[in-house]
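Hi,

Here is the structure I promised to pass on. Have a look at it first, and then read my notes below.

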Amino acid sequence: FDEDGSFMGPELKILVENNGEKNITVQVRDVSINDIMIDGSLSTDVAPGKKANDEISFMSSDLEIANIKTIKKIELYFHIFDSDSWDTISDSGMVTIETSADKSIMQEYDDSGFVAYDQKGYKIVIKKLNDEDSFWGAELAVYVENNSGKDVTVQARDVSINGFMVDPSFSCDVLNGKKAFDTITFFESDLESNNITDITDLEISFHIFDAHSWDTIIDTDAITVKFE
């Protein structure tokens, strides 16, 4: 583990050895750091009989949003597939890496904000609206906590801004026992077509489903959020 890593952020150095007969690609899935879901970047191609040195990269900006100052524990799954056919070869079990960081340092989880939903082990908090310097148009920061006993995906449904229906981008994977800091993205084209220059009212429902079976678990009632 290289805490300094690159200009992108910290890196986890890995060696991939392919003793099989197929060209393989190795990627990571469902990465978490200190029990917070974080995107990890890895895609390594290895021919039969060959080895490759590579690294799993973590964005410093993602760590900053999650207030991760000290990386104590990394958890992830490896996804290995045929580089030519894209057929899955293997999905590993959870891999846990403990760093040499002081174990007494406690990770803080900022769940402050407007509690949109808090039932049956799921907690969704609306934290902050950014409608001034977002690249896409506007972004709504959210915190999701999953203590349900199931790995889930949370998405947005039936969303309206100032009374106008819009189609935002939001799909948040949260393993059981984990937290996530994510954003609901509203596109500038939707805002412009509805002459929305100032977001004052949001109505939204959340769709929660099993990340493995895709079975619906909960569809929340419509939730209304007011912005000053």
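The protein carries 18 positive and 46 negative side chains, and the centres of the two sets lie 7 Å apart. In that count Lys and Arg are positive and Asp and Glu negative, with His and the chain ends not counted; each charge is placed at NZ of Lys, CZ of Arg, CG of Asp or CD of Glu.

Before I go on, a word on the source: this is a predicted model, in which local features need pLDDT of at least 70 and side-chain atom pairs count only at pLDDT 80 or more, while totals for chains, interfaces and linings use all residues. Residues are numbered from 1 along each chain as its sequence is written, and side-chain values use heavy atoms, with hydrogens and water left out.

**The overall picture**

You will find two helices and 19 strands in the protein (DSSP runs numbered from the N terminus, H or I of at least four residues for helices and E of at least two for strands). The C-alpha trace spans about 60 × 45 × 35 Å along its principal axes. Of the 228 residues, 43% count as buried, which here means under 20% relative accessible area; exposed is over 50%, and partly exposed is in between (1.4 Å probe, protein chains only).

**Salt bridges**

Side chains of opposite charge can pair when their charged atoms come close. How many salt bridges does the structure hold? There are eight, counting a side-chain nitrogen of Lys or Arg within 4 Å of a carboxyl oxygen of Asp or Glu. Here are some to look up:

- Glu55 pairs with Lys13, with the closest N and O atoms 4.0 Å apart. Glu55 sits in strand E6 (residues 51-58) and Lys13 in strand E1 (residues 11-17), so this bridge ties together parts that are 42 residues apart in sequence. Glu55 is partly exposed at 28% relative accessibility, and Lys13 is partly exposed at 47%.
- Lys127 pairs with Asp110, and their closest N and O atoms are 3.5 Å apart. Lys127 belongs to strand E11 (residues 122-130), while Asp110 is in the loop between strand E9 (95-98) and strand E10 (114-119), so parts 17 residues apart in sequence are tied together. Lys127 is partly exposed at 25%, and so is Asp110 at 40%.
- Lys123 pairs with Asp111 at 2.9 Å between the closest N and O atoms. Lys123 lies in strand E11 and Asp111 in the loop between E9 and E10, so the bridge links parts 12 residues apart in sequence. Lys123 is buried, with a relative accessible area of 17%, whereas Asp111 is partly exposed at 29%.

There is also a network: Asp35, Lys73, Glu75 and Lys178 are joined by salt bridges that share partners.

Is Ile24 buried or exposed? Ile24 is buried, at 10% relative accessible area. Leaving aside residues up to four places away in sequence, Ile24 touches Val16, Asn18, Thr44, Asp45, Val46, Ile80, Phe81, Ser83 and Ile89. Val46 is 22 residues from Ile24 in sequence, and their C-alpha atoms are 5.4 Å apart in space.

Cheers

Methods
Contact = heavy atoms within 4.5 Å.
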